[in-house]
Amino acid sequence: MLFTSSTSVYAQRDGSWVTEESETKSARETRRILRETEELVLGHGGIVARLAGIYGPGRSALLSKFLSGQAIIDPRNDRFINQIHRDDIAAALFLLLNRPSPAREIYNVVDDQPILQSECYRWLAEKLNRPIPSLGRSTSISKRGASNKRVTNAKLRGIGWTPQYPSFAEAMEKSILPSLGEVIQ
């Protein structure tokens, strides 16, 4: 049995690195429900794959905000973004399901390089030859709450997984931007 949850179970707000063993306590109801579900799966001999923010062709919240002009760089609330390309998720799940004894384990499924949200927007501006988003106070409410952490994939890499897209920039250049074609021109 395999269950996928979200790396949002981690409540860290200080930019620290988190592993599968890091604290997950939080007052947020969503995190509590995810942890209870993970415990049920683990108790029945299953595997938990904690997925970072999913992106790929046709799916990138940061790129969508940037292209629509809704992106804002908030220096007082700049946070690390943990993401994973959809193809790398598929490869990780295939590996986990085909291990000889995969039971009762949690794995973070995330690329190699957490990146500050402001760095994502600056990279996109340079790559697409567009203005850097304006500085300001973000008024949008994040699905991830006020979390700010860097999630490691060391445990998953330790069993032989290697992401095809190890960073935001590589995924954008090799997969996502080419899929947009003339939309970004």
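Biologist: What pLDDT does the protein chain average, and what share of the residues score at least 70?

Modeller: This is a predicted model. The protein chain averages a pLDDT of 89, and 91% of the residues score at least 70.

Biologist: Where in the protein chain is confidence lowest, and where is it highest?

Modeller: Confidence is lowest in β1, at a mean of 80. It is highest in helix α5 (residues 154–157), at 98.

Biologist: Why is G58 called exposed?

Modeller: Exposed means over 50% relative accessible area. G58 has 76% relative accessibility, so it counts as exposed. It is found in the loop between β4 (53–55) and α2 (61–68).

Biologist: How far apart are G58 and S179 in sequence and in space?

Modeller: They are 121 residues apart in sequence. C-alpha to C-alpha, G58 and S179 are 7.4 Å apart in space.

Biologist: What makes N129 exposed?

Modeller: The cut-off is over 50%. N129 has a relative accessible area of 72%, so it is exposed. N129 lies in the loop between α4 (117–128) and β9 (150–151).

Biologist: How does the reach of helix α1 compare with the expected span?

Modeller: Helix α1 (residues 29–43) has 15 residues. The expected span is 1.5 Å times one less than that number. From its first C-alpha to its last, α1 reaches 21 Å, close to the 21 Å expected.

Biologist: Which residues of α1 are buried?

Modeller: They are R31, L34, R35, E38, V41 and L42. Buried means under 20% relative accessible area.

Biologist: How do you know that the buried residues line one face of α1?

Modeller: Seen down the axis of α1, they fall within an arc of 120 degrees, so they line one face of the helix. On the other side of α1, L40 and G43 are exposed. What covers the buried residues includes β1 (2–6), β3 (47–51) and β7 (105–109).

Biologist: What order do the three strands of the open sheet take?

Modeller: The order is β1-β3-β7, and the pairing is parallel.

Biologist: Why is one side of β1 and of β7 left without a neighbour in the sheet?

Modeller: Both stand at the edges, each with a single partner strand, so one side of each has no neighbour in the sheet.

Biologist: What makes β1 and β3 a pair?

Modeller: Two strands pair if there are at least two bridges between them. β1 and β3 have five bridges, in the parallel sense, so they pair. S6 stands opposite L51 in β3.

Notes. Residues numbered from 1 in each chain as written. Predicted model: local features only at pLDDT ≥ 70, side-chain atom pairs only at ≥ 80, totals over all residues. Heavy atoms only, no water. Helix = DSSP H or I, 4+ residues; strand = E, 2+ residues; numbered from the N terminus. Buried < 20%, exposed > 50% of the residue type's maximum accessible area, 1.4 Å probe, protein only. Arc of directions from axis to C-beta. Contact = heavy atoms within 4.5 Å. pLDDT = per-residue confidence, 0-100.
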